[in-house]
Amino acid sequence: MGLTKPQERHRASALKQSNKAHKHGRHKSKGIIDNETKGKISVKAITKRNKKDLGKDERRHQAGQLRKKKRDEVLLKKRALGGSKTAPFLVAVVALSPEISTAEVLEMLQRADPEAVVTNSPNKIVHISVPRFKQRFSFLEVAPGDVYATLDALKIADTVLFVETARHWEEGLYPEAELLLTTSMAQGLPTSVVAIMDLESVPKKKQQEAKISIQKEMGQYLPDEKVLTLSSDSDSILLLRRIGSQKQKSITQRDRRPHLMVEEIQSVPETEGCEFINLRVSGYLRGQNITANQLVHIPGWGNFQIQQIETPALDPHPLDVRKRTDDGMEEDAKVLEVADPSKQESLESENIPDPMDAEQTWPTEEEIAEAEAERKARKIIKKVPKGFSDYQAAWIPDCDAEEVSGDEEESDYDDAMEDPDLDAMSAEDSNQSEDEHDDEEYDTVTVTEGAPDADRYDAEMDMHEELETLKKLKDAKSDAQFPDEIDTPHDMAARLRFQKYRGLQSFRTSPWDPKENLPSDYARIFQFENFDRTRKRVLDQLKDNCLGAMPGWYITLVITNVPREMIENQKHGIPLVLYGLLPHEQKMSVLNLVLKRPAQMSFGLQTPIKSKEQLVFQCGFRRFKACPVFSQHTNGSKHKFERYFQPDAVVVATVFAPITFPPASVLAFIERKDGTQQLVATGSLLSVNPDRIISKRVVLSGHPFKVNKRSAVIRFMFFNREDINWFKPVELRTKFGRRGHIKEPLGTHGHMKCVFDGQLKSQDTVMLHLYKRVFPKWTYDPCVTAPDPLFKTVLRSIEEEDEEMS
């Protein structure tokens with residue numbers, strides 16, 4: 001055979017050719033899409049409702065139907081007030097000046113229409129029925145300057161009428177008027193109307209200027225409201241027309257609960273001689289339906305059960321009196337519903353904890369020995385006659401005994417018991433010295449009329465309060481500059497001082513069990529498994545509730561077990577408001593309230609408020625005292641404890657209080673020693689959550705002594721070797737952002753070697769963060785004393801001003 005040439009192998013070139021892709025319009029073709037889907041249907045196409053394309057006429061018809069539906073809803077809401085078969089417009093008359101007489105305002109409104117029907121209820125609520133408008137109005141007179149009366153009236157009023165005088169238009173609004181407006185707006189202001197009186201007392205050339213000035217002052221609070229004039233009958237009829245025709249504002253916390261203004265209150269004759277009596281309260285129901293199985297709340301009184309609901313045969317304040325007289329003889333009241341004991345809500349507000357429902361552990365031998373040593377260390381001092389033995393002294397009662405521990409108390413007691421006659425003489429000498437001191441303290445002096453004396457001014461000053469405020473300001477300033485930093489004690493081991501604290505690698509992500517080491521007060525409260533789901537279910541039940549009395553009816557509620565002292569202590573001029581409670585709103589839990597300082601700080605408290613300081617809260621329709629625990633308003637599972645509520649901060653106050661379903665407005669007042677109250681914060685209800693973790697942070701600081709690149713010797717953080725070993729697992733941080741850990745202690749005086757993740761600077765500060773959970777104290781007190789009115793006295797009477805102007 002001949003020689004054959006071997007077959008050559010193909011080798012790919014390093015520069016491989018790549019052809020350009022076909023430009024198909026930058027989208028996939030239908031074939032490619034079909035191959036990728038292969039009969040699959042997207043989830044959106046399955047779940048989305050089949051949409052049918054409508055034609056032009058059908059779309060126009062659909063838009064007309066939606067427009068008609070909205071118009072009907074607005075008309076239905078507007079016709080739900082003021083008609084012949086609905087509740088009248090409830091108007092609260094609030095005076096913004098001590099010179100205004102609300103009785104005079106009501107007299108002018110009664111003279112507005114000669115054909116108007118005017119009737120009065122026993123609680124001095126004026127009802128005006130205007131046949132010309134086919135509307136009814138109920139006017140409630142609020143005591144001028146009374147903050148609580150104003151807030152209670154605005155809780156259920158449909159309209160508020162603010163009345164201002166033009167006599168002092170150049171001076172602007174009173175500070176008390178600004179406080180009333182601020183608290184009213186923070187609580188939730190209903191539909192408002194502003195009127196000016198005494199405009200004729202201003203010269204004609206300046207009347208327009210005065211009206212513009214008052215409009216500008218009120219525009220800071222109510223920018224959309226036009227100021228009306230109230231000086232004649234024509235102005236009064238225009239005011240009534242304005243109240244009846246303007247759009248009503250919706251306040252959620254009011255509209256979601258049944259409520260009524262008590263117009264008549266009577267005691268049931270069968271219970272008049274008892275300590276707890278039954279009351280019959282009457283009024284127009286507003287808001288939602290109410291049943292006999294619900295609980296009711298009266299601010300300042302408490303929660304009560306309903307025995308039955310009655311409805312009168314005829315409306316006591318009709319639109320037309322002639323129709324009522326033509327109906328003939330009046331019929332008796334009809335019982336609408338009687339409470340069912342098996343379905344009625346209970347008044348139980350606290351859970352009764354079982355002290356045996358927990359892990360029981362027998363004490364160890366060390367605990368028994370420690371208790372025995374403590375018992376022996378305690379000594380009881382008894383005053384016994386001389387010659388008594390220990391056996392005889394044991395039979396003397398312990399009520400007058402004193403408990404002491406230590407050598408100093410024993411030595412003092414032995415010296416005193418050596419000579420009882422000396423004690424008697426010293427007591428007589430002390431009494432004589434006190435009498436002589438009293439005689440020297442009081443003397444007859446002659447006081448000249450002139451400039452105020454400095455000594456007298458100092459005598460009226462409360463130095464204790466001055467020192468407390470100064471100390472609070474210093475501590476708050478120090479806490480703001482060096483937050484949570486404290487000095488390590490010298491006389492006590494740090495491992496004992498901070499034994500309840502723990503270290504966290506990350507405050508945001510480190511785990512913390514919310515059920516760990518709960519106090520005993522947490523066994524008395526109620527907690528929902530899912531609060532948001534329970535709230536949604538309760539609100540959904542309101543929409544489907546068709547039982548009981550309907551809104552707009554004039555009804556009578558028979559309330560049981562009301563303390564007699566509540567009726568006797570009811571002040572004149574304060575409106576009596578009744579609220580129906582939603583399910584579970586009588587039970588105690590932990591409320592978290594978001595608070596901030598009011599915008600107008602001219603009357604607010606400038607000094608910081610210390611945590612656990614007693615405040616007066618108004619949360620929704622309730623009013624109570626409590627000592628809140630402040631924390632930061634942040635996201636996450638843990639929230640840092642705030643020692644002070646600074647003037648420019650927003651905090652969350654945690655208190656024990658009855659459950660309230662949000663939304664609900666919150667007002668916070670501080671009570672002074674003279675009985676007055678000052679608005680310090682406003683806000684809203686955040687949540688009802690006992691599992692909110694409030695962690696108190698403590699920062700121990702140390703200073704570099706020797707620095708060697710990443711390692712350094714730190715001192716002044718601890719002062720003994722055992723504390724350094726105890727806190728060795730906790731991570732260290734510096735103010736310049738370095739992180740590290742304790743490597744080993746050096747010596748016995750608190751020096752320690754630490755290693756960091758970078759070069760440490762000599763001017764840096766090393767910090768160790770420790771955390772402890774803080775719980776609120778059970779300081780809930782529903783008994784709140786109403787403060788005095790803001791307008792106490794009028795410096796100049798109206799008659800004197802009229803004489804000067806004439």
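How many bridges join strand β19 to strand β28? In this predicted model, β19 (residues 588–596) and β28 (residues 677–688) run antiparallel and are joined by six bridges. Within this pairing, Asn 592 stands opposite Ser 687 of β28.

The two strands belong to an open sheet of seven, ordered β22-β21-β27-β28-β19-β26-β23, with antiparallel pairing. At its edges lie β22 (622–626) and β23 (629–632), each of which pairs on one side only. From one strand to the next, the twist averages 35 degrees.

Two helices pack on this sheet. Helix α5 touches β21 (615–619), β22, β27 (665–671) and β28, and its direction makes about 135 degrees with that of β22. Helix α6 lies across β21, β27 and β28 and runs at about 140 degrees to β27.

The helices also meet each other. In general, such a pair is described by the angle between the helix axes and the distance between them. Here α5 (residues 147–156) and α6 (residues 175–187) pack at an angle of about 35 degrees, and their axes are 10 Å apart. The crossing of α5 past α6 is right-handed. On the α5 side, the contact is made by Val 147, Thr 150, Leu 151, Leu 154 and Lys 155; α6 contributes Leu 180, Thr 183, Ser 184 and Gln 187. Sorted by class, the residues in this contact of α5 with α6 are four nonpolar, four polar and one charged.

Note on methods:
Residues are numbered from 1 along each chain as its sequence is written. This is a predicted model: local features need pLDDT of at least 70, side-chain atom pairs count only at pLDDT 80 or more; totals for chains, interfaces and linings use all residues. Side-chain values use heavy atoms; hydrogens and water are left out. Axes are lines fitted to C-alpha atoms, for helices over the stretch in contact, and angles run from 0 to 180 degrees between N-to-C directions. Helices (H or I, at least four residues) and strands (E, at least two) are DSSP runs, numbered from the N terminus. A crossing is left-handed if the near helix is turned anticlockwise from the far one by less than a right angle, and right-handed if clockwise. Contact means heavy atoms within 4.5 Å. Ala, Val, Leu, Ile, Met, Phe, Trp, Tyr, Cys and Pro count as nonpolar, Asp, Glu, Lys and Arg as charged, and the others, Gly among them, as polar. Two strands pair if DSSP finds at least two bridges between them.
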